[in-house]
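Subject: A structure for you to look at

Hello,

I am passing on the structure we talked about, and I hope you enjoy looking through it. Have it open while you read, and my notes on what turned up will follow just below.

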Amino acid sequence: MPSWPNSNETSDTDDDEYMDDYNSMQMEYFQTPDTVIDPSFSGLVVESDRRCILYRQRPGRFVAFEGTDTGRRFIGCATMDGVNCGVLEWVDAPWPVILQRCLTKLWDMYHEENLGRVQDKAHEIEAEKLKKELDSLANQYSQLVDDVSKLFDYQDGKKSHDMDYTSQAINELKEKKHQLDEKAKIEVQMEKLKLKKEQRCILQSQADIIQNTRKAMKEIQVERDLLKEEKKKLEHVISELLKAGHGCKEKLDKIKEVVMEE
């Protein structure tokens, strides 16, 4: 990680070194994650003279809200307009692997839900399009009925079989319109059932993730408790050996120091 120049010692030479550091920085520091407001960790860093690379301004305190870094605090460029320098320093270490996996799964579920909303919008557009087609067919039907009525008025004196033919044509048009209406209703109902099924799957996935996360955290706590018990037993054995005068006292003291450090 490159060193950061002191604002009180800047000069032309420092500017050249400053740009060299900038060019040699790992690109990961320029990937600024999305952030969330945390009143307990916000504002500019005023305790030191550290400055950002591009603008040489005081950096700010932020809390990441993206991917496996969600919840981690970091020091980063406070510039909101233009190119952002990115992360200058992570305050919190990376989360445990199991927590990173949980965060990844939750973010995947979030993106899948957003995708579902987009698909719902597409279904709404398709349903609206179908409704417009039905309205157009209804208008055409009404126009046809008017034309037929005019034809009846015009051919009032013709033979009865001509009237029967026209009446049959009207009935066929009515039957076709009815079939189209039923087909549209069935398609809309199928889309609604499909959306409900997808929503149930998303809710079940969320419940499974939460349950697995709680189970994993309980297992970690149990392992910690077991380690604490083993540590107490080892401290007791060392104390008994020291009291009895067995072994090398200097070595036992060193072992005891190591145990206390853990």
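Counting salt bridges in this predicted model gives 5 of them. Side chains of opposite charge can pair when their charged atoms come close.

Start with Arg61 and Glu47, whose side chains form a salt bridge at 2.6 Å, N to O. Arg61 sits in strand β2 (residues 60–64) and Glu47 in the loop between β1 and β2, so this pair links distant parts of the chain, 14 residues apart. Are the two partners buried or exposed? Arg61 has a relative accessible area of 18%, which is under the 20% limit, so Arg61 counts as buried. Glu47, at 60%, is over the 50% limit and therefore counts as exposed.

Next, look at Glu89 and Arg50, another salt bridge with an N to O distance of 2.6 Å. Glu89 belongs to strand β4, while Arg50 is in the loop between β1 and β2, so their contact ties together parts that lie 39 residues apart in sequence. Glu89 is partly exposed, with 33% relative accessible area, and Arg50 is also partly exposed, at 24%.

Arg72 is buried, with a relative accessible area of 6%. Asp69 counts as partly exposed at 23% relative accessibility.

Which order do its strands take? The sheet is open, has 4 strands in the order β1-β2-β3-β4, and its pairing is antiparallel. At the edges stand β1 (35–36) and β4 (87–90), and each has a single partner strand, so one side of each is left without a neighbour in the sheet. In general, strands of a sheet pair through backbone hydrogen bonds, either parallel or antiparallel.

β2 and β3 run antiparallel and are joined by 4 bridges; Val63 has Arg73 in β3 as its bridge partner. From strand β3 (residues 73–76), 3 bridges lead on to β4, again with antiparallel strands. Two positions to look for there are Phe74, which stands opposite Trp90 in β4, and Gly76, which stands opposite Val87 in β4.

Now to the surface. Which residues gather in a patch of positive charge there? They are Lys192, Lys196, Lys197 and Arg200. Arg200 is part of helix α3, which covers residues 160–244. With a relative accessibility of 53%, Arg200 is over the 50% limit and so counts as exposed.

Finally, the chain as a whole. Its secondary structure comes to 4 helices and 4 strands. Read from the N terminus, the elements follow the order α-β-β-β-β-α-α-α. The protein chain has 262 residues, and buried residues make up 18% of them.

Best wishes

Conventions:
Residues are numbered from 1 along each chain as its sequence is written. This is a predicted model: local features need pLDDT of at least 70, side-chain atom pairs count only at pLDDT 80 or more; totals for chains, interfaces and linings use all residues. Side-chain values use heavy atoms; hydrogens and water are left out. Patches are made of residues with over 30% relative accessible area and no salt bridge: like charges are joined within 9 Å, nonpolar side chains (Val, Leu, Ile, Met, Phe, Trp, Tyr) within 5 Å. Accessible areas come from the Shrake-Rupley method with a 1.4 Å probe; for residues, only the protein chains shown count as cover. A salt bridge is a side-chain nitrogen of Lys or Arg within 4 Å of a carboxyl oxygen of Asp or Glu. Lys and Arg count as positive and Asp and Glu as negative; His and the chain ends are not counted. The place of a charge is taken as NZ of Lys, CZ of Arg, CG of Asp or CD of Glu. Buried means under 20% relative accessible area, exposed over 50%, partly exposed in between (1.4 Å probe, protein chains only). Two strands pair if DSSP finds at least two bridges between them.
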